[in-house]
Amino acid sequence: MKIVAVQPEHDPAIDACIARALEKAAAEHPGIVRESSSYICDLQSMRYGEVRSETNIYPASVIKVPIMAEAFRQYASSELRPDDRVVVSEGNQTATSGPAPFIPGYVATVSELVDLMITHSDNVATNQLFDVLRRQRVTEYMHALGLNTFLLGRKLSGSEPLIEDPEKVGRNRLPAAEIGRLLTLIACDCIAGAGAQREILRRCAHKDKLVPGLAPDDVFMHKTGETSDVSHDAGILVAADGKRYVIVLYCDVEPTADDADAVHANPFMVAWMRAARAQL
């Protein structure tokens with residue numbers, strides 16, 4: 001499959017927009033975020049800005065977007081069909097959120113696994129797709145797309161202890177700049193199944209991070225990620241006026257004693273989005 005080149009140009013003015021939003025969010029919600037990583041691309045001008053977007057912050061469930069992209073690549077090359085059936089294994093079981101039909105022995109279609117992996121961030125579906133798609137193939141595809149440091153290294157664990165993963169090859173890596181690039185390719189119809197992927201991202205059920213900071217009638221097609229130490233949101237914004245942007249915010253968060261996940265970072269993220277959105 002031919003990969004269409006999309007190379008946005010750097011714009012210091014967007015850097016400044018992001019920096020102002022970070023300053024405002026930190027002033028309103030101090031002591032929450034230890035380090036952040038941000039990326040915004042204006043899809044009209046194809047110009048981007050960033051603050052520390054190459055920083056290696058653990059991507060958590062944002063790593064699921066590249067897995068989805070590889071599934072659609074395999075559909076397009078006829079290596080895999082969306083209605084191919086997969087038996088969910090005991091070895092891929094872990095804690096997850098939302099509806100959780102994928103018990104051992106459940107017969108799922110590949111499209112069902114992909115859908116719930118994104119819309120409800122299902123970890124069991126994700127781990128099963130590691131076996132179906134093969135992690136090395138996901139990594140190779142992302143490198144071909146220009147996500148040069150990306151690594152799909154280890155299956156996901158929803159809680160301690162970590163899931164057994166004999167094939168692990170390292171810690172998952174997807175910096176903010178690289179998910180920004182992948183989302184730009186999806187937004188611009190540059191990879192297989194881009195329109196279908198946008199529709200799945202549009203149905204993301206987790207709307208407590210950047211979404212409350214958007215303007216009325218904005219549409220955000222996105223994927224969140226969260227552990228006890230990080231809180232992320234990354235997506236394609238279609239503004240009420242029709243303008244489109246890729247927006248990514250990763251946060252390395254000060255953990256609290258009573259939070260299993262970094263939900264206490266959500267107010268910071270909302271404040272950042274509100275401040276950034278006002279400048280777009």
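At the start of helix 4, which backbone nitrogen does a side-chain oxygen of Asp122 reach? That nitrogen belongs to Val124, and the oxygen of Asp122 comes to within 2.9 Å of it.

Good morning, colleagues. What I present is a predicted model, in which local features need pLDDT of at least 70 and side-chain atom pairs count only at pLDDT 80 or more, while totals for chains, interfaces and linings use all residues. Residues are numbered from 1 along each chain as its sequence is written, and side-chain values use heavy atoms, with hydrogens and water left out.

Let me stay with helix 4, residues 123-133. Helices (H or I, at least four residues) and strands (E, at least two) are DSSP runs, numbered from the N terminus. Helix 4 is largely enclosed by the rest of the structure, because nine of its eleven residues are buried. Buried here means under 20% relative accessible area, with exposed over 50% and partly exposed in between, for a 1.4 Å probe and protein chains only. Among the buried residues of helix 4 are Val124, Asn127, Gln128 and Phe130. Their cover includes helix 2, strand 4, helix 3 (110-119) and helix 5 (135-144). Just after helix 4, Arg134 has a positive phi of about 75 degrees.

Asn92 counts as buried because its relative accessibility is 0%. Leaving out residues up to four places away in sequence, Asn92 touches Val124, Asn127, Gln128, Asp131, Lys155 and Ile163, where contact means heavy atoms within 4.5 Å. Its side chain makes polar contacts with the side chains of Asp131, at 2.9 Å, and of Lys155, at 2.7 Å. A polar contact is a pair of N or O atoms within 3.5 Å; within protein, one must be able to donate a hydrogen and the other to accept it, and residues adjacent in sequence count only if both atoms are side-chain atoms.

I turn now to the nonpolar cores. Such a core is a set of buried Ala, Val, Leu, Ile, Met, Phe, Trp, Tyr and Cys residues joined through side-chain atoms within 4.5 Å. The largest has 61 residues, and those touching the most other members are Met68, Val114, Ile179, Leu182, Leu183 and Val248. Helix 6 (residues 176-187) supplies the largest share of this core, eight residues. A second, separate core has 26 residues, including Ala21 and Ala262. Beyond four places in sequence, Val248 touches residues including Ile179, Leu183 and Trp272.

A pocket is an open set of points on a 1 Å grid over the protein atoms alone, where a 1.4 Å probe fits, with protein on both sides within 12 Å along at least five of seven lines; lining residues have an atom within 4 Å of a point. The second largest pocket is lined by 15 residues, with Tyr39, Tyr48, Glu54, Ala177 and Arg181 nearest its centre.

The largest pocket has 38 lining residues, and Ala60, Ser157, Glu226, Thr227 and Asp261 are the closest to its centre. Strand 6 (residues 219-226) contributes the most to that lining, with four residues.
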